Amino acid sequence: MKLLLAGIVLILIMETNAQWYKFPVEAAQGARDMLRAYKDMRDANWKNSDKYFHARGNYDAAQRGSGGRWAAEVISNAREWAQERMGHGAEDSEADQAANRWGQEGRDPNHFRPEGLPGKY
């Protein structure tokens, strides 16, 4: 009886504190948000909009929860790592990472929005 009661209490504590089952779904949704921001950036082809789309993709992903924040961080870091290896400048990479962190922290991505960017983005 004590073992059963302890098991029930443990399940209740775990259920309220750690919703581990949501993490993979949030991560997948966050990755999709990042992909959508990348596709929008390519579609917009707007000068000086790179940082806005970095911040927006990370913001959207982070709004999903801990899984989305994790996906945003992993994808952003992998992308910047790959770009550095391909010879892109360290200054540009650091500016991209600053925009990534801005979005991951839940701050408004419109801070980076370039003037004249169409409203659909």
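**Entry 1: α2 against α4**

I began with the pair α2 and α4, and I noted that α2 passes α4 in a right-handed crossing, a crossing being right-handed if the near helix is turned clockwise from the far one by less than a right angle and left-handed if anticlockwise. The model is a predicted one, in which local features need pLDDT of at least 70 and side-chain atom pairs count only at pLDDT 80 or more, whereas totals for chains, interfaces and linings use all residues. For my notes, residues are numbered from 1 along each chain as its sequence is written, and side-chain values use heavy atoms, with hydrogens and water left out.

I took helices as DSSP runs of H or I with at least four residues, and strands as runs of E with at least two, numbered from the N terminus. Two packed helices are described by the angle between their axes and the distance between the axes. For helix α2 (residues 23-44) and helix α4 (residues 66-85) I found an angle of about 45 degrees, with the axes 7 Å apart; the axes are lines fitted to C-alpha atoms, for helices over the stretch in contact, and the angles run from 0 to 180 degrees between N-to-C directions. The two helices are therefore oblique to each other, in a scheme where angles under 35 degrees count as roughly parallel, over 145 as roughly antiparallel, 65 to 115 as roughly perpendicular and the rest as oblique.

I then listed the residues that meet, with contact meaning heavy atoms within 4.5 Å: from α2 they are F23, E26, A27, G30, A31, M34 and M41, and from α4 they are S66, G67, G68, W70, A71, A72, I75, S76 and R79. Sorted by class, this contact of α2 with α4 has nine nonpolar, five polar and two charged residues, where Ala, Val, Leu, Ile, Met, Phe, Trp, Tyr, Cys and Pro count as nonpolar, Asp, Glu, Lys and Arg as charged, and the others, Gly among them, as polar.

**Entry 2: α4 against α5**

I next followed α4 to its other partner, α5 (90-104), and found that the axes of α4 and α5 come within 11 Å and cross at roughly 175 degrees. These two helices are therefore roughly antiparallel to each other. The contact is made by R69, A72, E73, S76, N77, R79, E80, Q83 and E84 of α4 together with S93, D96, Q97, N100 and Q104 of α5, and by class it has one nonpolar, seven polar and six charged residues.

I also checked α4 on its own: it has 20 residues and reaches 29 Å from its first C-alpha to its last, close to the 28 Å expected at 1.5 Å a residue, the expected span being 1.5 Å times one less than the number of residues. Its buried residues are G67, G68, A71, A72, S76, E80 and Q83, with buried meaning under 20% relative accessible area, exposed over 50% and partly exposed in between (1.4 Å probe, protein chains only). What covers them includes α2, α3 and α5. After α4 comes G87, whose phi is positive, near 95 degrees.

**Entry 3: α3**

I looked up how far α3 (residues 50-62) is enclosed, and found 11 of its 13 residues buried, so α3 is largely enclosed by the rest of the structure. The buried residues include K51, R56 and D60 as well as Y52 and F53, and they pack against α2, α4 and α5. From its first C-alpha to its last α3 reaches 18 Å, close to the 18 Å expected.

In helix α2 I stopped at D40, which is buried at a relative accessible area of 18% and which, leaving aside neighbours within four places in sequence, is in contact with F53, R56 and Y121.

**Entry 4: loop and tail**

Most residues other than glycine have a negative phi. In the loop between α2 and α3 I noted N45, with a positive phi of about 50 degrees and an exposed relative accessible area of 67%, and also N48, with phi near 60 degrees and a relative accessible area of 63%, likewise exposed.

In the segment after α5 I checked E105, exposed at 54% relative accessibility, whose C-alpha is separated by 7.6 Å from that of A62, 43 residues apart along the chain.

**Entry 5: the chain overall**

Of the contacts with a separation of 6 or more, 71% are between residues 24 or more positions apart.
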